Amino acid sequence: MFNNCLVFSVTSGRGEVAALSAACLWAIASVVYGLLGQRIPPLQLNLIKGVIAIALLVLTIVITSESLPNLTFAPTCLLILSGAVGIGLGDTAFLAAINYLGARRVLLIGTLSPPITAIAAMIFLQEQLNFRAWCGILLTILGVAWVVTERVPGTNNHSAMHIWRGIGFGLLAAFTNATGAILSRAAFATTSISPLWAALLRLSAGVLVILICILFSKGRETKVFYPYWQSWRVILTSLFAAFCGTYLGIWLQQTAIKFTAAGIAITLMQTSPLFVIPIAICMGEKVSWRAIAGVIIAIAGIGLLFYLK
């Protein structure tokens, strides 16, 4: 995954701009999801954004006349499983973590996904990691740990439990997203499906899992779903977040990978925590120099991980 394609080359800059744009949009969408999460439970919020993104993807496929892919059984199952795990479970855990920790810390925990993916690829796909990659993994983990373990003045036992629950959901999101990435890679290795169709298939599988979870849930997730749609503010905010974070985010992600080296693209797309810092400051959140340094260290670790020769 990382050894045979991460060769730096001179590009037009289109891929780098797309990667940074995706990171910026993910940061904005995460903050918006944090605001929506104060009113809508994670499962329902994930369902809303998934349905909106599916509608936008279908519209794009119709407009662009994208032909129906010829898929065999194995890659189809891999993509479906990837969506069920990475989107159905992973995005729900991500949204739940935002409710506990806020977008800034959760996006930082998300930088653990590439190291987890690299290690999983080594174990399950027999891909090799060199010494520099292991240093990058260690550096990323240290940067994340340095920030999430930072003591906040005035915390008590209740808030400490609150934080640890958020860390748990954040780690679950990182693990499930890494698992989804591995499954997607295995599917792409055996088929030539386009990114649009792959995204549609994964999102559909994720939405199906969310619907099943909601149907079998006995808690807050099954209550008062309709009233959310009585608020135009909620509707427009949900549309904006899904358009930016899911629809445009996926499109820019694929553009970045197509027009620049994968290592550069993935590293730049992990800069979301840097973009969310000024947003957090504008919203009145106190951001320490330790938090900023931890983000830079974690992203530097991602850079080391993917800068393989």
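This is a predicted model: local features need pLDDT of at least 70, side-chain atom pairs count only at pLDDT 80 or more; totals for chains, interfaces and linings use all residues.
Helix H2 itself covers residues 42-64. Its 23 residues, at 1.5 Å a residue, should span 33 Å, and the end C-alpha atoms are 32 Å apart, which agrees with that expectation.

H2 packs against helix H8 (residues 195-216), the two axes coming within 9 Å and crossing at roughly 150°. Because angles over 145 degrees count as roughly antiparallel, H2 and H8 are therefore assigned to that class. The crossing of H2 past H8 is left-handed. By residue class, 18 nonpolar and six polar residues form the contact of H2 with H8, and no charged residue takes part.

Helix H12 (residues 289-306) has contacts with both H5 and H6. Helix H6 (residues 131-148) packs on H12 with the axes 7 Å apart and an angle of about 160°, which makes H6 roughly antiparallel to H12. H6 passes H12 in a left-handed crossing. On the H6 side, the contact is made by Arg132, Ala133, Cys135, Gly136, Ile137, Leu139, Thr140, Gly143, Val144, Trp146 and Val147. The H12 side contributes Arg290, Ala291, Ala293, Gly294, Val295, Ile297, Ala298, Ala300, Gly301, Ile302, Leu304 and Leu305. The residues of this contact of H6 with H12 divide into 16 nonpolar, five polar and two charged.

Helix H5 (residues 113-124) also approaches H12, with axes that come within 10 Å and cross at roughly 30°. Since angles under 35 degrees count as roughly parallel, H5 is placed in that class relative to H12. The crossing of H5 past H12 is left-handed. Pro114, Pro115 and Ala118 of H5 meet Ile302, Leu305 and Phe306 of H12. The contact of H5 with H12 comprises six nonpolar residues, with no polar and no charged ones. Ile302 and Leu305 of H12 are listed in the contact with H5 and also in the contact with H6.

A pair of aromatic rings is described by the distance of the centres and the angle of the planes. Two aromatic pairs were counted, with ring centres required to lie within 6.5 Å. One of them joins Tyr100 and Phe169, whose ring centres are 5.8 Å apart and whose planes stand at 15°, so the pair is stacked. Tyr100 belongs to helix H3 (residues 73-101) and Phe169 to helix H7 (residues 157-188), so the pair ties together parts that are 69 residues apart in sequence.

Key:
Residues are numbered from 1 along each chain as its sequence is written. Side-chain values use heavy atoms; hydrogens and water are left out. Axes are lines fitted to C-alpha atoms, for helices over the stretch in contact, and angles run from 0 to 180 degrees between N-to-C directions. Helices (H or I, at least four residues) and strands (E, at least two) are DSSP runs, numbered from the N terminus. Angles under 35 degrees count as roughly parallel, over 145 as roughly antiparallel, 65 to 115 as roughly perpendicular and the rest as oblique. A crossing is left-handed if the near helix is turned anticlockwise from the far one by less than a right angle, and right-handed if clockwise. Contact means heavy atoms within 4.5 Å. Ala, Val, Leu, Ile, Met, Phe, Trp, Tyr, Cys and Pro count as nonpolar, Asp, Glu, Lys and Arg as charged, and the others, Gly among them, as polar. The expected span of a helix is 1.5 Å times one less than its number of residues. Rings of Phe, Tyr and Trp (its six-membered ring) pair if their centres lie within 6.5 Å; planes under 30 degrees apart count as stacked, over 60 as edge-to-face and the rest as tilted.
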